Amino acid sequence: MVERAPEQDVDEDALRVGEPGRSAAGLTGVLVSLRRAREQMGVARTVRTLPLVNQRAGFDCPGCAWPDPRAAEGDRRKRAEFCENGAKAVAEEATTRRAGPGFFARHAVADLAGHTDHWLGGQGRLTEPMVLREGDTHYRPIGWAEAFDVIAEHLHALDSPDQAAFYTSGRTGNEAAFAYQLLVRCFGTNNLPDCSNMCHESSGMALNETIGIGTGSVSLSDVEHADLVLVLGQNPGTNHPRMLASLERVKERGGRIVAVNPLPEAGLLRFRNPQKASGIVGRGTALADEFAQIRIGGDLALLRALTGLLVLAEDAAPGTVLDRAFVEAHTHGFAEFARRARHIDWAATERATGLGRPQIERIARMLVDSERTVVCWAMGLTQQRQGVATIREAVNLVLLRGMIGTPGAGLCPVRGHSNVQGDRTMGIYEKMPEAFLRALEEEFGVDVPRAHGMDTVETLHGMHEGRVRALIAMGGNFAAATPDTAATERALRGCDLTVHVSTKLNRSHVVPGRTALILPALGRTERDVQESGEQFVTVEDSMSVVHASRGRLRPAGEHLLSEVAIVARLARRLLGTDHPVRWEEFERDYDAVRDHIARVVPGCADYNRRVREPDGFVMPHPPRDSRTFPTATGRANFTVNVPEPIEVPDGRLLLQTMRSHDQYNTTVYGLSDRYRGIENARRVVLVNDHDIAALGLADGDLVDLVSEWTDPRTGVEERRAPRFRVVSYPTARGCAAAYFPEANALVPLGAVAEGSNTPVSKAVVVRLEAASGT
């Protein structure tokens, strides 16, 4: 399979490569934030908007899910409670640029499909519903009522509700998410794929199995008061920069940080806090006390060695290392785990990790010395074939020391999008438990299906096989976010109907089904006024805090609807005006939605009152709150996890996909990845100097990336992404990195994490060939 490179809206030959950054943020971060905001919003709009980001009376940043300081934890918010990439996210949404009917009249879909994601996103906010009917070359305006008619007619024509899939992005607020999943289940299916399937599904599966709940066990205060923070498989400087301020507080209080990553990320080396003089004119704060430059896929082997070293240290000095009282009172499976953990194959560990035994032993000693340890991770762990097992081993590490349900310690999966965790809490999941489904039926007097639905990868397989004929997407960029780009685009084009609720143009709109609709929605930054008055929505952050978000800007167009209104109107058209759910009340007043949430969603009692508290409320977490573990054993479960190193043939590298500093998820803000010293290009592959030489290449060569994967049914498959520039970079030996979504073309649809079905985007075997035609 060959990816077709988009037209060169950007001259990739203008690539400039400098030295990788040694620190993050600083004055440059401030200046870039203000410049990008001014370019998109203008000066006056910037001054009105940025001070509202992540404020109690303002709106939640549409970027990452890092939590805000809470009064209950002794912290006060700053006047500028946002980061550089948060400012870019706000500017993208609050831009004054518009992509209305005139834009679509000028550009055929075939023309749009030839442009890059950066160009598409730069055209501005969508302003009216648009339709592309079968045989049309251009999208055309359509009224809302007619748009809902088109959707309902297609969905009613399906042989079964299970022939439709209803995707959700993490940006959707709780009220819209709850209404959406209710609509889908009332229609008759549990096909609710979402962005979690592609990021932290491995975390949820591992945590549910081991501690009984799929969310992290720490608060922001816990992180900041830890003696040791172990940061695995994540790049806070780009993906959740406000975390750097929390890590700085760890260092100020005398704590230590271990960074485990194949790439030396600037944000984990040094942080120049732009809200402090030392961050503007000084050198800032050195963060990582130990940088373990691990080989891709070696995290499980590292964690397995660390847990083994802790058990051996306890054997040598009984009662001084492990929390025996906690292990005996609250855990299951320790004896078998410990028996297996005592054997560490050091030769295999060093091969798998690329780390030396002395460094691993130093990290183990830091763990022994720490009284309060927090283990953080992101998609560097979850998007591996053994992602679930790796996170289970991280849980083992915490359980050994009794560091759950105690201040300053615990498990911290760092979620990406701002409400991805809230969407799951509200029922956006293809396998919701029986208790939730039964509560829906009792609350609304409806019948909902019990058969498990399809996740994202299963949905793509269903499209290819003709079992899924319609895709409705509430936000997101399905085409660009999913793996195996060529296969995904074929799947979308093969659908009878594709519908995307969006704020801006993206790749999904230009690979349409036979009939396609774009429905423009209000953004997080905009005022939402309904019949009962001005509304607010709620979101849940990465640490289970639920709070309000109130947009303040005038909507980008008079024809925009809120996501809640879109769901409610579609439901009335699809399910009928005599349906038991009073959908019109949902649209009229979001308090009505929240009243139902309070009675259906566990932990959300008295929802309307509690979300009106200045800092909202924290969802219950039995392991954290009372050391109660709602697992099958009634205890926290130790697990035995055996590393299975990735075999990489000679002449190949192990590739990970990554974000540029100038993007968030699939939204490309610009072409400046300054922390890695890369400017003006995105089709680059970062390779270690030694590997470049061993492959007979030179820095700056133009290559095709060819992935190799063995399908158990069909044998070896290859996928080609053309014309990437080789960039010499201090990656781990044998490893390479390239930006997504450009490199998604290399990730096979069948290559998924064991158990979670998450695409393996962080461990793709590739070879580098001279670029086609050169």
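In the second largest pocket, helix α12 gives the largest share of the lining, five residues. This is a predicted model, in which local features need pLDDT of at least 70 and side-chain atom pairs count only at pLDDT 80 or more, while totals for chains, interfaces and linings use all residues. Residues are numbered from 1 along each chain as its sequence is written, and side-chain values use heavy atoms, with hydrogens and water left out. Helices (H or I, at least four residues) and strands (E, at least two) are DSSP runs, numbered from the N terminus.

- A pocket is an open set of points on a 1 Å grid over the protein atoms alone, where a 1.4 Å probe fits and protein lies on both sides within 12 Å along at least five of seven lines; lining residues have an atom within 4 Å of a point.
- At least two residues of the lining of the second largest pocket come from each of α1 (26-41), α2 (43-49), α10 (220-224) and α12.
- This lining divides into 19 nonpolar, eight polar and seven charged residues, where Ala, Val, Leu, Ile, Met, Phe, Trp, Tyr, Cys and Pro count as nonpolar, Asp, Glu, Lys and Arg as charged, and the others, Gly among them, as polar.
- The largest pocket holds about 1,000 Å³ of space, and N208, I213, G214, R424 and P433 are the closest to its centre among the 37 residues that line it.
- Helices α9 (201-210), α22 (420-425) and α23 (434-444) each supply at least two residues of the lining of the largest pocket, which by class has 14 nonpolar, 15 polar and eight charged residues.

- Five strands form an open sheet in the order β12-β9-β8-β14-β15, with parallel pairing, where two strands pair if DSSP finds at least two bridges between them.
- Strands β12 (290-292) and β15 (410-413) stand at the edges with a single partner strand each, so one side of each is left without a neighbour in the sheet.
- Strand β8 (residues 228-232) pairs with strand β9 (residues 256-260) in the parallel sense over five bridges, and L230 has V258 in β9 as its bridge partner.
- Helix α12 (residues 242-252) lies across β8, β9 and β14 (373-377) and runs at about 135 degrees to β9; axes are lines fitted to C-alpha atoms, for helices over the stretch in contact (heavy atoms within 4.5 Å), and angles run from 0 to 180 degrees between N-to-C directions.

**Strand β31 and its partners**

- Strand β31 (residues 702-711) is mostly covered, since eight of its ten residues are buried (under 20% relative accessible area, with a 1.4 Å probe and protein chains only).
- Strands β31 and β32 (residues 715-728) form a hairpin with three residues between them, and they pair in the antiparallel sense over nine bridges, with R720 in β32 as the bridge partner of V706.
- Strand β34 (residues 764-770) runs antiparallel to β31 and is joined to β31 by five bridges; in β34, V766 is the bridge partner of S707.

Terms used:
Buried < 20%, exposed > 50% of the residue type's maximum accessible area, 1.4 Å probe, protein only. Points joined across faces, edges and corners; volume = space filled by probe spheres on them.
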